[in-house]
Amino acid sequence: MGTARYLANKLLQLFFTLLFVLTIAFFLFRVWMPGDPVTTFARSSGAKFTEEQLQQIRHDWGLDVPLFPDQYVAFMTDNMTFNFGVSTVVDPGTNVSTMYWHKMGKSFLLILTSTIASIIIGVILGIKSGWKRRSALDNTSMGSSMLLYAMPEFVLGMILLLLFSNAVHLFPSGGYESAVGHHGFDRVVDIGRHMALPWLTLTLAYMGEFYLVMRSSLLDVLGEEFIALSRAKGVREKYVLRHHAVPNALLPTITLVALSFGFILGGVITVELVFSYPGVGKLSVDALFAHDFPMLQATFVISVIAVLVANLIADLSYAYLDPRVRRA
């Protein structure tokens, strides 16, 4: 019963948070953002529209009705049903949802694989460094992790681009696949070569954060009384590490994964821009410069929903691993 109540409270919090964020998004794109979408569309199309035609476009987009409550209700309804309309500038007339999910497939592959790799490498290095404090591995890992943690993603991406693409010509400088069509396994290899540098950039950029948190958390746990008691009872050191220290030290890392998801989504924008990777990040930048309001709304809303869902999963995982959270 306590678990069901905890889950219901979390889902209710998620719903009201989403309503609040969508309200902010409505005023951000309809009130505070400079420029008029109809005027921007007419200017970018290169065609000359009469005033009657502009008014018809404004009517078709639902911009000729009062801002509140008509436009607000329509905006909330459309976003709740993932109906974002059509692109006005980036690819005029194309359904925004179709375009977004097509690009999201490329970004999701990049984000998912790099995040998993950064978590695994960072956590393993954090465990080994925390267990063997002040060793050569600890000193080397600490220095490199601090450097990677402090370096912006786009700076790291440009360094890797200069080294592995311009200097040694090991990987392509950008794009998703070669202009020359490949098929079967050759196409997989070609996509992998194009994705290697942005993947390496994101992996290295966030590996240091997971390393630092895991190492610090493990050192805190190793100083707890139950660790000293286990050692006093004669439990082997490897057993203490695997069954007592690491499970408790992993709890802050789980929270960090969810909190970092928003930063990863932000970091992928700059990384895709550096490597001209045709994903959601580059699409967001194109929509921003083109004042394509429907596309900007879609990228903003879906990114917020992804972050909220990631935080919900982290909360549920934390409560599952630590029953004290549910009882609290």
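**Reading a helix crossing and a pocket**

Guide: In this predicted model, the crossing of helix 6 and helix 8 is left-handed.

Visitor: Which residues of helix 6 and helix 8 make the contact?

Guide: On the side of helix 6 the contact is made by Asp138, Ser141, Met142, Ser145, Met146, Leu148 and Tyr149, while helix 8 contributes Leu204, Ala205, Met207, Gly208, Glu209, Tyr211, Leu212 and Arg215. Sorted by class, this contact of helix 6 with helix 8 holds nine nonpolar, three polar and three charged residues.

Visitor: At what angle do helix 6 and helix 8 pack?

Guide: Helix 6, which covers residues 136-150, and helix 8, which covers residues 185-222, pack at an angle of about 130 degrees, and their axes are 8 Å apart. Angles over 145 degrees would count as roughly antiparallel and those from 65 to 115 as roughly perpendicular, and helix 6 and helix 8 are therefore oblique to each other.

Visitor: Turning to the pocket, what is the volume of the largest pocket, and which residues lie nearest its centre?

Guide: The largest pocket has a volume of about 660 Å³, and among the 32 residues that line this pocket, Thr115, Val257, Ala258, Phe261 and Ala310 lie nearest its centre.

Visitor: Which helix gives the most to the lining of the largest pocket?

Guide: At least two lining residues come from each of helix 5 (96-131), helix 10 (237-274), helix 11 (280-290) and helix 12 (293-321), and helix 5 gives the most, with eleven residues.

Visitor: How many residues of each class does the lining of the largest pocket have?

Guide: The lining of the largest pocket has 23 nonpolar and nine polar residues, with no charged residues.

Key: Residues are numbered from 1 along each chain as its sequence is written. This is a predicted model: local features need pLDDT of at least 70, side-chain atom pairs count only at pLDDT 80 or more; totals for chains, interfaces and linings use all residues. Side-chain values use heavy atoms; hydrogens and water are left out. Axes are lines fitted to C-alpha atoms, for helices over the stretch in contact, and angles run from 0 to 180 degrees between N-to-C directions. Helices (H or I, at least four residues) and strands (E, at least two) are DSSP runs, numbered from the N terminus. Angles under 35 degrees count as roughly parallel, over 145 as roughly antiparallel, 65 to 115 as roughly perpendicular and the rest as oblique. A crossing is left-handed if the near helix is turned anticlockwise from the far one by less than a right angle, and right-handed if clockwise. Contact means heavy atoms within 4.5 Å. Ala, Val, Leu, Ile, Met, Phe, Trp, Tyr, Cys and Pro count as nonpolar, Asp, Glu, Lys and Arg as charged, and the others, Gly among them, as polar. On a 1 Å grid over the protein atoms alone, a cavity is a set of points where a 1.4 Å probe fits but cannot get out, and a pocket is an open set with protein on both sides within 12 Å along at least five of seven lines; lining residues have an atom within 4 Å of a point. Grid points are joined across faces, edges and corners, and a volume is the space filled by probe spheres set on the points.
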